[in-house]
Amino acid sequence: MDISRRKAPRPKYPLTDSRVILHFDLDCFYAQCVENQQPDLKTLPLGIKQKGILATCNYVARHRGVKKLMLISEAKKICPDLVLVEGEDLSPFRDVSKRLYGLLRSCIWSDKIERLGLDESFLDVTDMITYNLGLLNRHSLPESYFCLSRTDPEMGFVFDATSFAGCVHGRGDDDGSLDDDLDTLRMRLLLASHLAHYLRMRIEDEGYTTACGIATNKLLAKLAGDRHKPRNQTTLLAPTEEAIWSFMDSHNLRKVPGIGAKTARILQAFVSGRQPDDPNIHTMECSVTVQQVRTHSAMSAPVLERLLSGSGSEKGIGGKVWALLHGVDYTEVKPAQNIPTQISIEDTYRGLNEIFEIHRELVSISASLLRRMQIDLLDQEESDPFQPTPRKWLAHPKSVRLTTRPYTHPSENKPYGWARASRSCSLPSFVFNCSPTMENQEVIAEKLVVDVLLPLFRQLNPARRGWSIGLLNVCVTNMTDESVSSGGRDIATMFRQQETVLREFTTYDENTEKSAAPGDAEQVLRNHEEEEAYPGDEDEDDEPWDQEPSPGEPCPRCGHTIPSFALQAHGRYHSMEMEEG
Ligand code: DGT
Ligand code: MG
């Protein structure tokens, strides 16, 4: 028996009753957002710039040889007429992301729709496919009808069920040799390919093109979608284990979601007969394929466990990676979440040393965070222009956390969590008072920085100078879901009573996790401070920030116009500056 077959993990689902998963990935996402704002850019090579690198570029630029994540200088050499647009402010991208996610979510039945970063989503459409397979009339396949609603037969679309929509990887053409079970799998995926096409067209109606992968699990769907990009879709029809392995084998190890740079380096060293501590492997490009690792004579789940277990890695890592190499992925598409568990914004720097720089950057981060909170946490109700009603907060984060990290040069190769230190306290209630005007947001951001974040910064970095800050992250966390917690009480009043600063504590985030989307300033950080900081909030005490902010008064020291309520705090900022000497 073939060695890899003997040791291979078994798929959990019988092939005929497999799940049907769609993976959507918007094409050159940031670039498309910018193009939709400035349609003239669509035909020009366009790059979206973030701190000296191209976060992404459109496909006109890619056809000219420009690549994602290139240095700007390098991209300009290759394509001198590359148009560059600043993409530091992620808010417009987040808005589009949320709108398109909402559209997809409204079309599926199960609510199993999981976002990955800003521009990718997994959808589990198994129930829709099973239902529509039951309706299929095998005698009139060319005029088939896909029902998008169980209750309204008029909601749906006509399609030709004699062929797949888009590209197929594997045995797409029914040559009559498939047995009944495999024919069922083929028809399920065929229906899914038409659903995927319909959804892609709905997204195109909104002005955005996508790539989509259709397969029986998340891993395979994501890899399949990468086959034909942009503006295309690929169904993976792999009816046997061998067909799945052969699909997996063709991939570079680093392309497999779930296999990071470190894992790939260790496995590349192993299959090329090097020692894991060989200094050269840190600079090696990953060139090893799944096949080289999967079919290596000494490879197995226990061997992977031995190679990969160690500081920081999860238990059972060997079995997990072994399964991934075989295209086996049991993970479910997580149900949609209305409310994120936390929201954070961070930025990186080449060493900030002056308090005014820290102040300026914290204000900028806080302003983005407030905008983001409004997008994600305010309800969507359109207010009636004749009878405007304030929008409601769907959730209130209870804590705010500041994380800092000293600057290190990339060549020092420090792990992501190295020297990150965090300090938290309760989130003051005035942040929930912000109306969507820009000016108001900036005022609130300034107050948050002066009242809360700069004091936290000084506690984290007690030295008077010489900090050389490389990263600032501000995170609001400990969400209270209003639908659950309010219990009929006036939640706005409750939050107005919150004390400004509660318990404080420092944590050192050694195991901080980075979000799935590289470069996205949003992170999923491990929450060390759970439930520490909610006030016994019984005392009624109306805060001055409940009133409309006044236009402001000039600061006697620097002359800046500061809202009256923030003058005192602003004065504290000057005192800190003076302490600085
Ligand atoms: P695609 O999917 O290959 O057509 O191109 P994109 O641009 O959609 O790339 P994707 O899907 O990997 O990422 C979505 C957006 O996230 C992208 O437009 C820019 C941003 N992004 C992705 N990776 C990075 C990164 O490593 N650094 C930065 N700053 N931004 C990134
Ligand atoms: Mg994309």
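This is a predicted model: local features need pLDDT of at least 70, side-chain atom pairs count only at pLDDT 80 or more; totals for chains, interfaces and linings use all residues.
Colleague: What does the protein chain contain, by helices and strands?

Modeller: The chain has 18 helices and 18 strands. Of its 581 residues, 51% count as buried. Among contacts with a separation of 6 or more, 68% join residues 24 or more positions apart.

Colleague: What makes Asp25 and Lys229 a salt bridge?

Modeller: The cut-off is 4 Å, from a side-chain nitrogen of Lys or Arg to a carboxyl oxygen of Asp or Glu. For Asp25 and Lys229, the N to O distance is 3.4 Å. That is within 4 Å, so the pair counts as a salt bridge. The pair links distant parts of the chain. Asp25 sits in strand E1, and Lys229 in the loop between helix H8 and strand E11, 204 residues apart.

Colleague: Why is Asp25 called buried?

Modeller: Buried means under 20% relative accessible area. Asp25 has 9%, so it counts as buried.

Colleague: And why is Lys229 called partly exposed?

Modeller: Lys229 has 31% relative accessibility. Partly exposed lies between the 20% limit for buried and the 50% limit for exposed. Therefore Lys229 counts as partly exposed.

Colleague: How do you know that Glu332 forms a salt bridge with Lys112?

Modeller: The closest N and O atoms of Glu332 and Lys112 are 3.6 Å apart. The limit is 4 Å, so the pair qualifies. Glu332 and Lys112 are 220 residues apart, and both lie in loops. The loop of Glu332 runs between helix H13 and strand E12. The loop of Lys112 runs between H5 and strand E5. Glu332 is partly exposed at 37%, and Lys112 is partly exposed at 28%.

Colleague: Which residues are linked with these two in a network of salt bridges?

Modeller: Arg19 and Asp124 are linked with Lys112 and Glu332 in that network. The structure holds 22 salt bridges.

Colleague: What makes Lys447 and Asp451 a salt bridge, and where do they lie?

Modeller: Their N to O distance is 2.6 Å. That is within 4 Å, so the name applies. Lys447 and Asp451 both lie in helix H15, four residues apart, about one turn of the helix. Both residues are buried.

Colleague: Are Cys79 and Cys475 buried or exposed?

Modeller: Cys79 has 0% relative accessibility. Cys475 has a relative accessible area of 0% too. The limit for buried is under 20%, so both count as buried.

Colleague: How many cavities of 30 Å³ or more does the structure hold?

Modeller: There are four. The second largest cavity has about 100 Å³ of space.

Colleague: What lines the second largest cavity?

Modeller: 14 residues line it. Leu26, Leu100, Leu104, Asp119 and Ser121 lie nearest its centre. Strand E1, helix H5 and strand E6 each give two or more residues to the lining. H5 gives the most, with four residues.

Colleague: What classes of residue make up that lining?

Modeller: Seven residues are nonpolar, three are polar and four are charged. Leucine counts as nonpolar, so Leu26, Leu100 and Leu104 belong to the nonpolar class.

Key:
Residues are numbered from 1 along each chain as its sequence is written. Chains are lettered from A and ligands numbered from 1 in the order in which they are written. Side-chain values use heavy atoms; hydrogens and water are left out. On a 1 Å grid over the protein atoms alone, a cavity is a set of points where a 1.4 Å probe fits but cannot get out, and a pocket is an open set with protein on both sides within 12 Å along at least five of seven lines; lining residues have an atom within 4 Å of a point. Grid points are joined across faces, edges and corners, and a volume is the space filled by probe spheres set on the points. Buried means under 20% relative accessible area, exposed over 50%, partly exposed in between (1.4 Å probe, protein chains only). Contact means heavy atoms within 4.5 Å.
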